[in-house]
Amino acid sequence: MDLLDTIARDFGDPVVYAEVDEGLDDGRMTLRDVITREFEPVRRPLAEIVDWELEQVRVRDGFREFVALAKERGWRVVIVSSGFHELIEPILEREGVEVELHANHVDPSTDGWTVRWQYDKDCETCGESCKRSIVQELAVGDELVYVGDGYSDRCAAEAADLVFATRGLADYLDERGVPYERFDDFNDIARALTS
């Protein structure tokens with residue numbers, strides 16, 4: 001499940017969600033515009049959404065073990081997300097995983113949720129407010145292995161030395177002829193990186 005999509009659709013306005021999703025697919029809206037717009041109608045208290053996600057959201061198999069392996073081998077694991085600290089941190093805590101996190105913030109209000117963007121500058125490559133600059137800053141001098149599955153991963157993945165992709169990101173990279181390794185879970189990634 002894509003957490004942002006599910007929350008925007010189920011706790012926001014499904015009509016707005018459908019409109020902006022179509023706008024992203026058609027190239028009429030940027031991802032930043034889409035996320036901003038689809039969270040404006042979300043009016044539920046943050047605590048209620050966090051309780052819901054802690055019951056519903058499952059992390060891909062092998063994540064906790066992958067982070068432990070990475071620490072053992074001296075690899076730096078960083079989550080770079082277009083999502084929100086306020087929604088990601090409770091999941092990491094539940095999983096008992098400590099990793100570096102770069103994400104946006106949200107001001108949840110009964111008047112509508114307001115996104116506070118971390119990625120302010122438009123990317124010189126894709127023209128959107130994206131993860132690429134943060135990923136490149138984090139990887140200076142190191143091999144960059146990128147793991148992703150969605151729209152917000154596209155530009156950053158193209159800057160990586162090695163990419164593990166699934167779902168929409170894999171489809172996008174196939175269309176562009178960008179090499180990557182397909183994965184189902186973090187056990188696949190661990191096997192590939194240690195073989």
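Where is the place of Tyr-172? Select helix α9, residues 167–176, and you'll find Tyr-172 there; helices here are DSSP runs of H or I with at least four residues, strands are E runs of at least two, and both are numbered from the N terminus.

Before going on, some housekeeping: this is a predicted model, where local features need pLDDT of at least 70 and side-chain atom pairs count only at pLDDT 80 or more, while totals for chains, interfaces and linings use all residues. Residues are numbered from 1 along each chain as its sequence is written, and side-chain values use heavy atoms, with hydrogens and water left out.

**Stop 1: around Tyr-172.** Tyr-172 has a relative accessible area of 13%, so it is buried (under 20% relative accessible area; exposed is over 50%, partly exposed in between, with a 1.4 Å probe and protein chains only). Then pick the C-alpha atoms of Tyr-172 and Asp-153, which are 19 residues apart along the chain and separated by 9.9 Å.

**Stop 2: α1 and α4.** Select residues 3–11 for α1 and 46–56 for α4; their axes come within 12 Å and cross at roughly 125°. Axes are lines fitted to C-alpha atoms, for helices over the stretch in contact, with angles from 0 to 180 degrees between N-to-C directions. The pair is therefore oblique (under 35 degrees is roughly parallel, over 145 roughly antiparallel, 65 to 115 roughly perpendicular, the rest oblique). Show side chains next: Leu-3, Thr-6, Ile-7 and Phe-11 of α1 meet Ile-49, Trp-52 and Glu-53 of α4.

**Stop 3: α3.** Go to residues 31–39 and colour the buried ones, Leu-31, Val-34, Ile-35, Glu-38 and Phe-39. They span an arc of only 110° around the axis, which puts them on the same side of α3; the arc is that of the directions from the helix axis to the C-beta atoms. Bring in α1, α2 (14–26), β1 (78–84) and β3 (114–116), against which these buried residues pack.

**Stop 4: α5.** Which residues of α5 (residues 63–73) are buried? Phe-63, Phe-66, Val-67, Leu-69 and Ala-70, and their arc of only 160° puts them on the same side of α5. Their cover includes β1, α6 (85–95) and α10 (186–194). Finish just after α5, at Gly-74, with its positive phi of about 80°.

Technical notes
Contact = heavy atoms within 4.5 Å.
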